[in-house]
Amino acid sequence: MSNDESRGSKIAPAIAVGGLFAVLAATVNAATFGFEEVGFPADASIVHNIGYALFNLAEYELGSVPSEGFLAAFLIAAVALDVAVDGAVYLAKREEDDTVVSALGQAFTDGGRDGGDRR
């Protein structure tokens, strides 16, 4: 790692990343979105409106804020979290001799011995 050649090969990508960050920061600072900021009514509950949209109760005019956009973001986040949990469970399992074994193995079991004594 003390080789001077390897150090020189890492400087060019670092400069490129720094330049890209500077361009991105300048672009975001100079951006105008062309609309005024609009808030929600003071007595409106976004959580209740998402619930009304989730159960299709918005047609009964229970919700005062159009929340379909919130509902889409809510469902996308729910699916992404579900995939993450399923992936974590899949990665936590391991297979030995064509059988699925838990990630902890026999750490909390006595191995099926009578009396529960560990030997």
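Predicted model: local features only at pLDDT ≥ 70, side-chain atom pairs only at ≥ 80, totals over all residues.
Leucine 75 sits in helix H3, which spans residues 68-92. Check its side chain against the surface: Leu75 is partly exposed, because its relative accessible area is 40%, and partly exposed covers the range between under 20% (buried) and over 50% (exposed).

Next, select helix H2, residues 46-54. Which residues of H2 are buried? They are Asn49, Ile50 and Ala53. Turn the view to look down the axis of H2. The buried residues fall within an arc of 100 degrees, so they line one face of the helix. Show H3 again: the buried residues of H2 pack against H3.

Step just past the end of H2 and pick asparagine 56. Its backbone has a positive phi, about 60 degrees.

Zoom out to the whole chain. How many helices and strands does the chain have? There are 3 helices and 2 strands. Trace them from the N terminus and the order reads α-α-α-β-β.

Color by burial. Of the 119 residues in the chain, 6% are buried.

Finally, display contacts. Take those with a separation of 6 or more: residues 24 or more positions apart account for 11% of them.

Conventions. Residues numbered from 1 in each chain as written. Heavy atoms only, no water. Helix = DSSP H or I, 4+ residues; strand = E, 2+ residues; numbered from the N terminus. Buried < 20%, exposed > 50% of the residue type's maximum accessible area, 1.4 Å probe, protein only. Arc of directions from axis to C-beta. Contact = heavy atoms within 4.5 Å.
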